[in-house]
Amino acid sequence: MGFSWDYLFQGFVTALSFQNLFWALVGSLIGTLVGVLPGIGPASGIAILLPMTTVLPPTSAIIMMAAIYYGAMYGGSTTAIVVNIPGEASSVCTAMDGYEMAKQGKAGPALAMSAISSFFAGTLSLVGLTFFAPLLADFALVFGPPEYFALMFMGLSLIISLSGRALLKGIASMAIGLMASLIGQDPLTGAARLTFGTSILTAGVDFISVIVGLFAISEVMINVEQRISTISRIQYRQLDADLGRYQAVPGANDPLHRGRFLPGAPPGVRSFGHYLRGL
Amino acid sequence: MKTLRSADMATGLLLAILGLLALWASSSIVTTMEHRLSPRALPYAVSFLILFCGLGIALKAWRFRGLDPEIKWPDRVGIHIIIVSLATIGFYNAFMNLLGLPLATFFYITFSIWYLNRAKWLTALVTGLICGISSYYVFIRLLGLSFPEGFFFKG
């Protein structure tokens, strides 16, 4: 079936009806609330909230599920900025700079930038998907193991390049991360790797547990040692005043409007790629 | 480990030990059939990488003769607080299945607020109670997540 403007306009008419816009709002609100919780990502958020959509007509249900997905994707950045706990792999980069901004009393601009860039990226990718879906589908079919290997290799190289001059430390941290990901069953042969005979480790180490341990627990320990509450350090009173003044942050516009197309890459690799491009 | 140089040396040696341990663990991976790429291949490669990086970091730090910045480690009280906080998290995790999420959260939050903030026990108790009950309603009842309910809420 070829591209037809009629179908597109028909879709817009359906999507922009009051009822569907209302469910989109509800979905994005609930999705954001769920996304704030570390460990509950967009996919599990949709799975948990699926029963809520069964009472709706099919179109509204799909719109609500999409809104939950987008809300959950954005929600992860809130905890990343405010308390240095990235809820998603894609929020790790947000935590790196966003939390530092929050500590300087710039949590408002950081949250605003995150919201606006999420909007731009989501809208651009949707427009791209609408017009280039058939081309992307053809491209996806030729995307085989060598291409995935190249993509993963690029991702790991990007992480190492974050370490700057401390190259050995960067490679070591990448190797430790790789070692953690090797724990569990080998996907090709089914052999148990580095499980020490325990069944708990057979399923592998959960990614969210690793990033919560690395970011959240260490941050909590630093704070309890200094007997300083993170929450009190962040100047929430400025939040209202600063929201919407994201342009006050120098150089925020370029990365915000930059395209985010990197086909096949997982969100973590994509966000790291663009983060490093901005350094 | 007062300075960055000595801390790097210690870190490098620890990484080297970790690499050796990973090598030993990789050698114990059981392979039942002949495979084109053994399941030991990647663990071996990563173990060697950790080992050589650790040795490299230690050697680089040992040979370093420049300005050596001092590291501000936690003092005795700070270390005590960190150990107690980590132990509390450990207990929270260990007793989760026995007590259930709501009750374990109640004890954890109450103790943490009382210990860390030196708050009044009533404030800690009320906050713990609110967190315990909310955790039950949000995570177990509303979101339907498979957290242990514990004997108190099961009935």
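This is a predicted model: local features need pLDDT of at least 70, side-chain atom pairs count only at pLDDT 80 or more; totals for chains, interfaces and linings use all residues.
For helix 2 (residues 18–36) and helix 4 (residues 58–83) of chain A, the angle is about 35° and the axes are 6 Å apart. The crossing of helix 2 of chain A with helix 4 of chain A is right-handed. As for what sits in this contact, there are 18 nonpolar residues and 14 polar ones, but no charged residues.

Further along chain A comes helix 5, which covers residues 92–103. Quite a few residues in helix 5 of chain A are buried, namely A:Val92, A:Cys93, A:Thr94, A:Ala95, A:Gly98, A:Tyr99 and A:Ala102. Just past the end of helix 5 of chain A sits A:Gly105, with a positive phi of about 80°.

Then there is the meeting of the two chains, where chain B puts in 26 residues and chain A puts in 18 residues. On the chain B side, helix 1 (4–27), helix 2 (41–63) and helix 3 (76–94) each give two or more residues. Helix 2 of chain B supplies the largest share of that side, with ten residues. Sorted by class, the side of chain B that touches chain A holds 18 nonpolar residues, seven polar and one charged.

Methods. Residues are numbered from 1 along each chain as its sequence is written. Chains are lettered from A and ligands numbered from 1 in the order in which they are written. Axes are lines fitted to C-alpha atoms, for helices over the stretch in contact, and angles run from 0 to 180 degrees between N-to-C directions. Helices (H or I, at least four residues) and strands (E, at least two) are DSSP runs, numbered from the N terminus. A crossing is left-handed if the near helix is turned anticlockwise from the far one by less than a right angle, and right-handed if clockwise. Ala, Val, Leu, Ile, Met, Phe, Trp, Tyr, Cys and Pro count as nonpolar, Asp, Glu, Lys and Arg as charged, and the others, Gly among them, as polar. Two residues are in contact if their C-beta atoms, placed from the backbone, lie within 7 Å. The expected span of a helix is 1.5 Å times one less than its number of residues. A residue is buried if 20 or more other C-beta atoms lie within 10 Å of its own, exposed if 12 or fewer, and partly exposed in between; C-beta atoms are placed from the backbone.
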